[in-house]
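Please examine the structure below before reading the questions and answers that accompany it.

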Amino acid sequence: MSEARAGDVDLPATPPISPRRTALARVASILRPMVRFIGAENLSLVIVLAIEIAVIVSQTKFFLGQQNLLNSLGQNIAVLGVLAVGESMVIIAGALDISVGSIAGIAGVAAALVVTGTGSMPLGLLAGILAGICAGLVNGSIVAFLRVNPIIATLGTFAAFRGIAFLIAPNGYPVGVGTQPDFTWLGSGRILGSASFVGIPIILIILILVAIVGHVLLRYTDFGRSIYALGGNATAARLAGINLSRVRLGMYVFSGIAAGLAGVLLAARTTSGSPLNGQGMELQAITAVFLGGAATTGGKGTVVGTILAVLILGILSNGMNLLGVQQYWQDVATGMLLVTGVAVAQFRALRSERARTRIASRG
Amino acid sequence: MSLPASTQPHAVPVPSPGLEIRGVSKAFPNVQALNDVSLDVQPGEIVAFLGENGAGKSTLLKIINGDYQPDAGTLTLNGQALRFANPLEAHRAGIRVIYQEPEIIPGVDVAENIYVGELPRRGGFVDRRLLETRVRADLDRYGFSAVLPMGLMGDMLSPAQRQLVEIMRAIKSNVRVLALDEPTSSLTDDEVHRLFTLVRRLRDEGVAIIYVSHRIREILQLADRVAILRDGSLIAVRPAPDLTEADIVRLMVGRDLSAVLQRRRAVTDRVVLRAEHITSNWHHDVSFLVHAGEVVGFAGLVGAGRTELAKVVFGELPRDSGSVFVDERLVSIHRPSDAVAEGIGYAPEDRKREGLILMRSVLENASLAVLRRLSRFHFIQRGLERRLAGEYVERLRVRTPSLEQEVGKLSGGNQQKVVLARWLAAKPKVLILDEPTRGIDVGAKAEIYHLIDDLANQGLGVMFISSDLPEILGLSDRIYVMQNGRISGEMPGPGATEEKVLALAMADHLSRADPEHQSAAPAEGLPG
């Protein structure tokens with residue numbers, strides 16, 4: 001292939017170069033890597049986010065305060081963000097994991113039990129993640145080997161895992177971890193704090209790490225490629241020699257790990273390993289992934305998009321809280337945002353589909 | 001039909017023009033499907049349409065049925081011009097095309113299936129008694145009461161019964177032109193016999209009948225006249241009694257591709273792929289082998305089991321028994337990933353549904369079969385990937401603005417080349433190509449022929465499935481002919497003729513049932 005790529009075409013190639021053009025080119029050369037990282041398909045999310053922030057900032061001065069940004073917002077989106085990164089993997093592969101909220105419930109109880117038993121935060125964390133791995137293996141096996149439709153499979157485990165969370169909790173009661181400062185540090189601790197700076201929440205750092213892992217897995221590994229291929233066209237992926245059972249198992253395990261970690265963080269933040277933890281969060285996570293540009297049919301979507309969507313949803317809720325809008329209105333706004341976002345994406349897909357058929361009919 | 005059979009003896013031709021097709025042409029992107037076809041089908045006669053795969057039979061039927069509109073030409077029925085926007089208008093005009101898979105409503109019984117859309121009603125409810133009286137009368141008249149119980153539910157019907165339901169629908173609505181598209185392909189001998197009786201009876205009642213089939217023997221038994229199509233043109237229309245099987249085969253074949261084909265290769269003795277006694281849902285005891293450096297053509301009609309054979313060998317479809325050897329080593333293949341690991345590649349027939357991830361880039365599609373090899377600790381080495389994909393994309397001259405282009409936005413020929421690039425990058429020992437030139441333009445076809453030749457020359461074994469006989473003959477070193485899930489013959493490529501291949505491919509089931517016919521089926525007696 002020649003080295004000239006479509007992306008380079010807008011660069012001026014021949015002299016004379018006017019000063020204005022070079023300035024533009026310099027801006028472009030700075031912007032291009034950023035756009036490439038965010039992904040052209042996610043630009044509309046960035047625009048929505050910018051508009052949202054502008055509207056909120058114009059209405060309240062509290063939004064931009066450190067306390068609000070790092071505490072209220074940063075800590076609130078972290079659990080949802082971790083769940084949504086795991087869910088992205090599954091949805092991009094053309095499947096669904098409805099059980100993530102229930103897995104978080106099990107993991108929270110398991111972690112709380114281990115922490116109160118041993119007093120060791122790392123062991124508690126490990127217990128939560130192990131619970132997530134087991135749950136993911138169950139989901140993955142049902143889908144990959146028993147060939148049950150992913151929606152049905154995880155709808156089943158959605159109920160079953162919640163039941164298990166109650167069964168392992170002593171008498172079904174929450175396990176308090178308020179006496180374990182090491183463990184609650186995961187949920188509400190900060191680092192780099194000073195007199196003028198509230199510090200970066202640990203939970204936000206964990207979200208960033210999970211997002212990076214998810215992004216790298218999807219974008220730079222053979223596993224990630226296989227996930228896009230499976231979601232884009234399962235038959236073609238299989239006929240190209242990809243072992244789909246392995247991919248399905250892997251993605252549910254990843255989603256399980258993320259859910260397990262989210263469960264631990266939730267227990268640490270609420271100082272309680274409650275079997276009710278995470279209820280309803282599966283739907284928020286799925287909402288974020290679809291708002292983040294994942295295709296319902298699979299094959300499309302990015303972790304960056306999901307994180308942007310989590311930010312949009314988090315800021316929406318945070319901003320409305322600051323402005324004193326009733327919770328019910330927030331729910332209405334979230335719903336409208338999802339439907340509008342997907343409708344716009346559908347419209348754009350339809351347009352590019354038309355362009356494609358035009359090309360095809362031209363031969 | 002309302003007329004009793006006795007008033008319309010078919011021997012006396014009715015002086016009515018029937019269906020007249022005049023100068024009909026139809027083009028699709030890259031192919032002229034029909035070219036100036038003119039033909040009459042008179043009431044009370046059976047005209048058979050014959051031709052190779054892709055000769056234009058189906059397109060013509062679809063134009064008659066109103067599925068397609070002709071680019072040029074006219075249809076008239078009894079002197080009235082016809083122009084259908086859709087099949088419903090064709091039905092109203094008294095024209096019915098019965099396809100191989102009629103639409104049957106599964107949860108509804110035979111009687112209601114026949115009268116679907118026009119159920120007799122009384123006071124808002126279905127008048128079940130009137131319905132049953134009518135259906136029983138129709139079934140009795142044609143002697144089908146025993147074969148087609150009217151209370152049977154739609155999803156319980158055999159293929160033959162489904163066709164009967166569809167034919168009954170046509171009869172009920174006073175059909176004047178009835179076309180049957182390969183009606184016997186899934187019927188037993190007894191059912192074929194019964195169908196023939198029905199078709200003859202309808203003819204005698206004055207229906208104009210078009211009968212499309214690959215089975216020459218059947219056609220000679222049934223048809224009054226035979227129309228032969230080739231490459232979208234009507235080659236000949238002759239009274240059936242004047243034709244022999246050999247005449248028909250000779251008229252069907254005869255395209256020449258020598259200009260775009262070349263062959264320079266050195267077949268080795270090394271067997272790269274050997275399949276022994278493969279038996280599956282689709283096959284009975286199929287054995288074949290492919291040498292390194294050899295192009296092995298698999299010819300046969302649509303439905304002979306060639307694609308399924310490729311998929312069984314590749315592990316996509318299950319097999320009941322039989323073994324597969326790669327480089328003379330027994331391999332166990334349970335799924336396509338096993339086959340790929342053993343060095344087999346498969347470029348499927350339906351590239352959009354089975355070959356490509358249309359929404360992903362050329363790069364990702366081209367490297368899909370070699371992800372493992374491109375990765376170190378599961379991380380894809382992106383520079384290596386670009387170089388490899390780029391190399392084959394360039395070598396195959398895939399016309400794409402960049403490696404990042406979505407594959408779905410390329411033309412058919414270029415999409416096919418991306419599939420091929422994927423397998424070339426994987427460097428398999430055996431490559432299975434399933435209809436690699438279907439639906440692509442002539443220029444891209446020539447490039448793919450070149451490529452196949454190149455690959456064989458470099459020592460790859462190629463299993464080449466194609467329904468295009470001239471390309472099979474032009475490219476193959478050896479040819480297997482498949483028919484009905486078996487290999488009905490094998491011959492060296494050089495010296496093979498379309499007549500020989502077609503005779504084996506069409507050795508129809510009448511001859512299979514009779515061992516004496518079996519030995520007579522091969523093409524010795526046919527002129528070549």
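Predicted model: local features only at pLDDT ≥ 70, side-chain atom pairs only at ≥ 80, totals over all residues.

Q: How are helices H8 and H11 of chain A oriented to each other, roughly parallel or roughly antiparallel?
A: Helix H8(A), residues 202-220, and helix H11(A), residues 244-270, pack at an angle of about 175°, with their axes 12 Å apart. Angles over 145 degrees count as roughly antiparallel. The orientation of H8(A) and H11(A) is therefore roughly antiparallel.

Q: Which residues of H11(A) make the contact with H8(A)?
A: By class, this contact of H8(A) with H11(A) has six nonpolar, no polar and one charged residues. H8(A) contributes A:Ile203, A:Ile206 and A:Val210. From H11(A) come A:Ala258, A:Leu261, A:Leu265 and A:Arg269.

Q: How many of the 27 residues of H11(A) are buried?
A: H11(A) reaches 39 Å from its first C-alpha to its last, close to the 39 Å expected at 1.5 Å a residue. Just after H11(A), A:Thr271 takes a positive phi of about 55°. H11(A) is mostly covered, and its buried residues number 22 of 27.

Q: Why does the distance between the end C-alpha atoms of H6(A) agree with its 19 residues?
A: Helix H6(A) covers residues 150-168. At 1.5 Å a residue its 19 residues should span 27 Å, so the distance between its end C-alpha atoms agrees, at 26 Å.

Q: Which helices do the buried residues of H6(A) pack against?
A: The buried residues of H6(A) include A:Ala153, A:Thr157, A:Phe161 and A:Ile164. In an α-helix, residues three or four places apart point the same way, because there are 3.6 residues a turn. The buried residues of H6(A) pack against helices of chain A, namely H4 (100-118) and H5 (121-144).

Q: Which helix gives the largest share of the side of domain 3 of chain B that touches domain 4 of chain B?
A: In chain B, domain 3 spans 257-343 + 428-528 and domain 4 spans 358-426. Their contact takes ten residues from domain 3 and nine residues from domain 4. By class, the domain 3 side has seven nonpolar, one polar and two charged residues. The largest share of that side, three residues, comes from chain B helix H16 (residues 442-457).

Q: Which helix gives the largest share of the side of chain A that touches chain B?
A: The contact between the chains takes 29 residues from chain A and 37 residues from chain B. Two or more residues on the chain A side come from each of H9 (222-232), H10 (234-239) and H14 (327-362). By class, this side has 13 nonpolar, ten polar and six charged residues. The largest share, seven residues, comes from H9(A).

Terms used
Residues numbered from 1 in each chain as written. Chains lettered and ligands numbered in written order. Axes fitted to C-alpha atoms, helices over the stretch in contact; angles between N-to-C directions. Helix = DSSP H or I, 4+ residues; strand = E, 2+ residues; numbered from the N terminus. Parallel < 35°, antiparallel > 145°, perpendicular 65-115°, else oblique. Contact = placed C-beta atoms within 7 Å. Nonpolar A, V, L, I, M, F, W, Y, C, P; charged D, E, K, R; others polar. Domains from an automatic or database assignment. Expected span 1.5 Å × (residues − 1). Buried ≥ 20, exposed ≤ 12 C-beta atoms within 10 Å, placed from the backbone.
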